[in-house]
Protein chains: 2
Amino acid sequence: MKTKEKKALCIMSGGMDSTLSAYMMRDEGYEIIALHFNYSQLTQNKELECFDAICKDLGVKERYNLDLDFFSKIGASALIDKGIEVQTSGIEDGIPSTYVPFRNGIFLSIATAIAEKEGASTISIGVVEEDGSGYPDCTDTFIKSMQNSINLGTKDETALEIKMPLVHLSKSQIVQASLELKVPLELTWSCYKNETKACGVCDSCRLRLRGFKLAGISDPIAYE
Amino acid sequence: MKTKEKKALCIMSGGMDSTLSAYMMRDEGYEIIALHFNYSQLTQNKELECFDAICKDLGVKERYNLDLDFFSKIGASALIDKGIEVQTSGIEDGIPSTYVPFRNGIFLSIATAIAEKEGASTISIGVVEEDGSGYPDCTDTFIKSMQNSINLGTKDETALEIKMPLVHLSKSQIVQASLELKVPLELTWSCYKNETKACGVCDSCRLRLRGFKLAGISDPIAYE
């Protein structure tokens, strides 16, 4: 008798971190259900294009591509409201203007509904705590607390584990792990601002480039 | 100097419970920001109509009416998927077919983003635990856990309290409290199935009608 395959619902932005997380889930033997969100972010089209290409490479069983247009009615972030500037002068302490209020809380809640429907045992999310952007919804403590809340607020038979394999990695470790797992880094996108050539100066580009530099690897995507 | 008014973000479906909760917030002196969701539920148009009328009566400062079309891609509930039957034979033990996976988790997460943006100190939600439909996302324990998660996943200066004033009330107590606060019950809608005359036999109608009966009051809305 064939063992029932265990399923992981992988939240995938098209960026390096969530892509590696999904490949790690596949490496652990999970059947992958991919979940992508369009939330009116500046690089929405490019991220979706990357997500689709990555899904093809990864060989996902099923994919959800959800439009969360309501984010544009909330705004309150440089990634969504064009009136707020994406910072390009370097990474600073504190919460940057690109913070999207409770984005990962919203993403995980929607992922929970899908995971419960699909009978997935696991949700993966690519949060990075120490070497990240300083967002409060990217911490180990928050994600573990959400896991607890999620299991209280769903059916008794639903027992979800949220995996965040990168939470304590540095960006250079992420680059190295991606190479080991043959993650197609050339298909990933991190820039907050541009959709053709990455700007190289937003926080996300800076974190990515520093990771590649420290890993001694050259980034395969194009920069301005 | 005028004291800065405290704001409550009230999740309001157009039903009796969330409406009373919002009126209780106003009675406590909060300035009300109203939040309504269209999530492809069967009675979406009627609920929105009720929400608008209630907002007018309540005198809200601001209102958010958000389309969550993605729920239709998840389905998995009789309220959303027309292929799943809304049970009308009486309230039974267990989780009914009208359960929408993690709906309140999703609603609270989105409410959190708006509350953080608006500087609201409080979110209200009209969950009813013992005299409700048996949904796992309507319990005191779950909501308190979500409050904890939410405060971990938002800015340090964001300290949100989730109020659920009805959680341990019976439906008849809800009817009585609504009369005391002059809640316009004739503007509220509870039926899961119909948009003109309430069916009277879905779980939500049965709970409502039982509440009115036990309170010795007649329900002002029309039934089939």
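Strand β2 (residues 31-38) of chain A runs parallel to β3(A), and six bridges join the two. In β3(A), A:Y64 is the bridge partner of A:L35. The model that shows this pairing is a predicted one.

**The sheet of chain A**

The β2-β3 pair belongs to an open sheet of five strands in chain A, ordered β3-β2-β1-β4-β5, with parallel pairing. Which strands stand at the edges of this sheet? They are β3 (62-67) and β5 (161-163) of chain A; each has a single partner strand, so one side of each is left without a neighbour in the sheet. On average, and with direction ignored, neighbouring strands of this sheet are turned by 20 degrees against each other. Helix α2 (residues 44-58) of chain A packs on the sheet and touches β2 and β3 of chain A. The direction of α2(A) makes about 175 degrees with that of β2(A).

Strands of a sheet pair through backbone hydrogen bonds, and the pairing can be parallel or antiparallel.

**The sheet of chain B**

In chain B, five strands form an open sheet with parallel pairing, in the order β3-β2-β1-β4-β5. Its edge strands, each pairing on one side only, are β3 and β5 (161-163) of chain B. Strand β2 (residues 31-38) of chain B is joined to β3(B) by six bridges, and the two run parallel. Within this pair, B:I33 stands opposite B:E62 in β3(B). Helix α1(B) packs on the sheet, where it touches β1 (7-11), β2, β4 (122-124) and β5 of chain B. Its direction makes about 175 degrees with that of β1(B).

**Helix pairs**

| Helix pair | Angle | Axis distance |
|---|---|---|
| α1 (residues 16-27) and α6 (residues 171-180) of chain A | about 45 degrees | 10 Å apart |
| α1 (residues 16-27) and α6 (residues 171-180) of chain B | about 45 degrees | 10 Å apart |
| α6(B) and α7 (residues 203-215) of chain B | roughly 65 degrees | within 7 Å |

With an angle of about 45 degrees, α1(A) and α6(A) are therefore oblique to each other. Their crossing is left-handed. A:M16, A:D17 and A:L20 of α1(A) make the contact with A:I174, A:A177 and A:S178 of α6(A). By class, these residues are four nonpolar, one polar and one charged.

In chain B, α1(B) and α6(B) are likewise oblique to each other, and α1(B) passes α6(B) in a left-handed crossing. The residues in contact are B:M16, B:D17 and B:L20 of α1(B) and B:I174, B:A177 and B:S178 of α6(B). They divide into four nonpolar, one polar and one charged.

Helix α6(B) also meets α7(B), and the axes of the two cross at roughly 65 degrees. The two helices are therefore roughly perpendicular to each other, and their crossing is right-handed. On the α6(B) side the contact is made by B:K171, B:S172, B:I174, B:V175 and B:Q176. On the α7(B) side it is made by B:L207, B:R208, B:R210, B:G211, B:F212, B:L214 and B:A215. This contact has six nonpolar, three polar and three charged residues. B:I174 of α6(B) takes part in the contact with α1(B) and in the contact with α7(B).

**Contact between the chains**

How many residues does each chain bring to the contact between chain B and chain A? Chain B gives 35 residues and chain A gives 35 residues. On the side of chain B, the elements that supply two or more residues are β3 (62-67), α3 (71-74), α4 (103-118) and α5 (140-152). Of these, α4(B) gives the most, with 10 residues. By class, this side of chain B has 18 nonpolar, 10 polar and seven charged residues. The edge strand β3 of chain B is thus named again among the elements that touch chain A.

Two copies of a chain are related by a rotation about an axis and a shift along it. Here a rotation of 180 degrees, with 0.0 Å of shift along its axis, superposes chain B on chain A with an RMSD of 0.0 Å. The two copies are thus related as by a two-fold rotation axis. B:I106 has the C-alpha nearest the axis in chain B, 3.1 Å from it. As for the surfaces involved, 100% of the interface residues of chain B are also interface residues in chain A, so the copies meet through the same surface.

Technical notes: Residues are numbered from 1 along each chain as its sequence is written. Chains are lettered from A and ligands numbered from 1 in the order in which they are written. This is a predicted model: local features need pLDDT of at least 70, side-chain atom pairs count only at pLDDT 80 or more; totals for chains, interfaces and linings use all residues. Two residues are in contact if their C-beta atoms, placed from the backbone, lie within 7 Å. Helices (H or I, at least four residues) and strands (E, at least two) are DSSP runs, numbered from the N terminus. Ala, Val, Leu, Ile, Met, Phe, Trp, Tyr, Cys and Pro count as nonpolar, Asp, Glu, Lys and Arg as charged, and the others, Gly among them, as polar. Axes are lines fitted to C-alpha atoms, for helices over the stretch in contact, and angles run from 0 to 180 degrees between N-to-C directions. Angles under 35 degrees count as roughly parallel, over 145 as roughly antiparallel, 65 to 115 as roughly perpendicular and the rest as oblique. A crossing is left-handed if the near helix is turned anticlockwise from the far one by less than a right angle, and right-handed if clockwise. Two strands pair if DSSP finds at least two bridges between them. Copies are superposed by least squares on the C-alpha atoms of residues with pLDDT of at least 70 in both.
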